[in-house]
Amino acid sequence: MNASVRYTAEEFAVELPAAEYAARFRDAERIAAYCRRCPNYGRSWGCPPFAKDPAEEWLRYGTALLVAAKITPREEGLPLAEAGRLLRPERIQIERRLLALERRYGGRAFSYVGSCLYCPEGSCTRPEGLPCRHPDRVRPSLEACGFDIGRTTSELFGIELKWGAEGKLPEYLTLVCGLFHDAGHVAWKE
Ligand code: SF4
């Protein structure tokens, strides 16, 4: 719970074969076109274009553990500008747990959504062509690797993605991330 923006967060996790997830939910060309229109495109090391095809990162693993967090503000009609404050505490704890799983089981975490957590806003080294300051922590998002997050949330988690309107936040926000691995089964909640 964030003391300044009150919300509840529910987490959901599913595992399925990585090849099945890719066959059903990857639409690389269409999603890449969305990424190219984003102001972050090419301006953060967590965003495309990537030096290496991200498919090489996940194609080698057998299982996809996917995690969704549904974040519901206690107050209705908050301004859209509050989205970052609502999402940040959940992103921090989820990314920390994903990286811990990556260290424990191997595999590759996918976590980056929106602005990077690890440097002050607007200070990414990428626009200057300098290396990332925290490559041990920054991971790309599933969207950046061509996965359709709207269909992932609706078909695998039963959560419809909601968008803000007229400057207000929707009823809830949804984060999706995951770990591609070869460890058989990895539990999200132990
Ligand atoms: S950790 Fe810093 S340098 Fe690396 S992607 Fe994030 S903002 Fe950029």
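Entry 1: I looked up which residues of helix 1 are buried, and found Ala18, Tyr21, Ala22 and Phe25. They share one side of helix 1, because they cover an arc of only 100° around the axis; the arc is that of the directions from the helix axis to the C-beta atoms. An α-helix has 3.6 residues a turn, so residues three or four places apart point the same way. On the other side of helix 1, I found Ala19 and Ala23 exposed. Buried is under 20% relative accessible area, exposed over 50%, and partly exposed in between (1.4 Å probe, protein chains only).

**Entry 2: a note on the model.** I am reading a predicted model, where local features need pLDDT of at least 70, side-chain atom pairs count only at pLDDT 80 or more, and totals for chains, interfaces and linings use all residues. Residues are numbered from 1 along each chain as its sequence is written, and side-chain values use heavy atoms, with hydrogens and water left out.

Entry 3: I then turned to an open sheet of 4 strands, ordered 1-2-4-3 with antiparallel pairing. Its edge strands are strand 1 (7-17) and strand 3 (108-110), each pairing on one side only. Strands and helices here are DSSP runs numbered from the N terminus (helices H or I, at least four residues; strands E, at least two), and two strands pair if DSSP finds at least two bridges between them. Strand 1 and strand 2 (residues 63-73) are joined by 11 bridges. I picked out Glu15, whose bridge partner in strand 2 is Leu65.

**Entry 4: what helix 1 touches.** Which elements do the buried residues of helix 1 pack against? I noted strand 1, helix 3 (55-58), strand 2, helix 5 (149-157) and strand 4; contact means heavy atoms within 4.5 Å.
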